[in-house]
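Q: I am new to this structure and would like to go through it step by step. Could we look at it together?

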Amino acid sequence: MSDTTPLLDVQGLSVSFATDRGRVKAIDDVSFSVSKGEILSIVGESGSGKSVTLMSLLGLNDRKTSFVEGAVSFRGKHILEMPDRELRRIRGAGIGLISQDPMTAMTPVYTIGWQIAEAIRAHENVSKKAARARAVELLAAVGLPNPDEAVDRYPHQLSGGMRQRAMIAMALACRPALLVADEPTTALDVTVQAQVLDLLLRLRDEFGSAIILITHDMGVVAEVADRVHVMYAGRMVEKGTTEDVFERPMHPYTVGLLSSIPPLTGPKLARLSAIPGMPPTPENIPAGCGFAPRCPHARQECAARPPIRRDNDHSALCVLDDKETDAMRIAWSNRMAEA
Ligand code: ADP
Ligand code: MG
């Protein structure tokens, strides 16, 4: 693999589910890649398709009820065609997963200390005792109280929040080349949230790990991500560097998300200009632009599939032209200045 090959490359990923009313498409032609040491954030409201994207690219969804198309390669190897055994090995060693449901990453039959120690020993030649000591350190680092005792607990003996932290410790233990983290800080209080983000940054800085960070929190994105992909109704509607997306958003949905970040200074508003309405479920995604029903700029053309507009590495799926996008940004920054 040459240095320019992305660590993870996803091309044309589409996912449909079998439902009572036939097949419905939840993810539609999603493509992206992640390079070594890079932090990519995928952001979007709840129901946008972030978790389905992640689980599908790791081969983790139910093969009986979901249909996955597209190509996913990790270090140049196509992982969707891999036998389960090989895929499990990659998920253990090369790719670490922090999922929204801790029990997909842990087994109920062993103590968390044992599971973390095994994860360490799977690719490092260390004694059981040293691995256990590292497990205790990791549990302390993710803010688990009494890590010396917690290390001998079974997952079901921990509260949901504690299990979440144990899973983060386990994912970090492998020092994976790629860490995939699905809303890792959502259930945590602000202090621990900051600690966890700090650990993620350290993983990147010390081991050159790449991270895919899924979140609905634009504040978290601004703090840690190099690049951002905005997801809505199963599509990536805007992609760019964090700077481009925050300073020159191209898609009206991104503008809506940015407007819902609480101001850092000044009085808190009673209600932020969040986007009215809700994302559609896969059964109800409109044929054209998925965001059109909630978009203040929608017009007739939006009933057709939106074109890709590009500005170098920055792109969006939207009909607005440059002049209209500029006008949208100006109106947005005026609104923010008033707020
Ligand atoms: P989020 O962005 O919040 O992570 P998800 O990826 O979990 O969103 O879900 C995207 C959409 O797909 C949601 O509307 C969800 O209800 C739907 N969905 C997820 N899993 C299934 C499934 N197995 N069958 C049918 N619909 C599903
Ligand atoms: Mg999710």
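This is a predicted model: local features need pLDDT of at least 70, side-chain atom pairs count only at pLDDT 80 or more; totals for chains, interfaces and linings use all residues.

Q: How many residues of helix 1 are buried?
A: Six of the eight residues in helix 1 are buried, and the helix is mostly covered. The buried ones are Lys50, Thr53, Leu54, Met55, Ser56 and Leu57.

Q: What does helix 1 give to the shell around ligand 1?
A: Helix 1, residues 50-57, contributes three residues to that shell, the most of any element.

Q: Which residues surround ligand 1?
A: The surrounding residues are Phe17, Glu45, Ser46, Gly47, Ser48, Gly49, Lys50, Ser51, Val52, Thr281 and Pro282.

Q: And by class, how many are there of each?
A: Six residues of the shell around ligand 1 are polar, three are nonpolar and two are charged.

Q: Which backbone atoms come close to its oxygens, say for Gly47?
A: For Gly47, a backbone N or O atom lies 2.7 Å from an oxygen atom of ligand 1. For Val52, a backbone N or O atom is 2.8 Å from an oxygen atom of ligand 1. A polar backbone atom of Gly49 is 3.0 Å from an oxygen atom of the ligand.

Q: How much of ligand 1 does the protein bury?
A: Taken alone, ligand 1 exposes 570 Å², and the protein buries 66% of that.

Q: Changing topic: why is strand 8 described as largely enclosed?
A: Strand 8 covers residues 210-215, and six of its six residues are buried, so the rest of the structure largely encloses it. The cut-off behind the word "buried" is a relative accessible area under 20%.

Q: Which residues of strand 8 lie on each side?
A: Ala210, Ile212 and Ile214 are on one side, while Ile211, Leu213 and Thr215 are on the other.

Q: What pairs with strand 8, and in which sense, parallel or antiparallel?
A: Strand 3, residues 39-43, pairs with strand 8 in the parallel sense over five bridges. Strand 7, residues 178-182, also pairs with strand 8 in the parallel sense over five bridges.

Q: How many bridges join strand 7 to strand 6?
A: Four bridges join these strands, which run parallel. Within this pairing, Gly96 stands opposite Leu179 in strand 7.

Q: Is strand 6 buried or exposed on its faces?
A: Both faces of strand 6, residues 95-98, are covered. Ile95 and Leu97 on one side and Gly96 and Ile98 on the other are all buried.

Q: Which strands form the open sheet, and in what order?
A: Four strands form it in the order 2-1-4-5, with antiparallel pairing. Strand 2 (22-34) and strand 5 (77-78) are at the edges with a single partner strand each, so one side of each is left without a neighbour in the sheet.

Q: How many bridges join strand 4 to strand 5?
A: Two bridges join strand 4, residues 66-74, to strand 5, and the two run antiparallel. Lys77 in strand 5 is the bridge partner of Phe74.

Q: Now for loops: where is Ala233, and what is its phi?
A: Ala233 sits in the loop between strand 9 (227-232) and strand 10 (235-241). Its phi is near 45°, a positive value in a residue other than glycine. Ala233 is buried, at 5% relative accessible area.

Q: And Asn312, buried or exposed?
A: Asn312 counts as exposed, with 69% relative accessibility. The loop that holds Asn312 lies between strand 11 (308-311) and strand 12 (314-317). Asn312 has a positive phi near 55° and is a residue other than glycine.

Q: Lastly, where is Glu137, and how far apart are Glu137 and Ala292?
A: Glu137 is in helix 4, residues 128-141, and is exposed with a relative accessible area of 54%. Glu137 and Ala292 are 155 residues apart in sequence and, C-alpha to C-alpha, 49 Å apart in space.

How values were computed: Residues are numbered from 1 along each chain as its sequence is written. Chains are lettered from A and ligands numbered from 1 in the order in which they are written. Side-chain values use heavy atoms; hydrogens and water are left out. A residue is near a molecule or strand if one of its heavy atoms lies within 4 Å of it. A polar contact is a pair of N or O atoms within 3.5 Å; within protein, one must be able to donate a hydrogen and the other to accept it, and residues adjacent in sequence count only if both atoms are side-chain atoms. Accessible areas come from the Shrake-Rupley method with a 1.4 Å probe; for residues, only the protein chains shown count as cover. Ala, Val, Leu, Ile, Met, Phe, Trp, Tyr, Cys and Pro count as nonpolar, Asp, Glu, Lys and Arg as charged, and the others, Gly among them, as polar. Buried means under 20% relative accessible area, exposed over 50%, partly exposed in between (1.4 Å probe, protein chains only). Two strands pair if DSSP finds at least two bridges between them.
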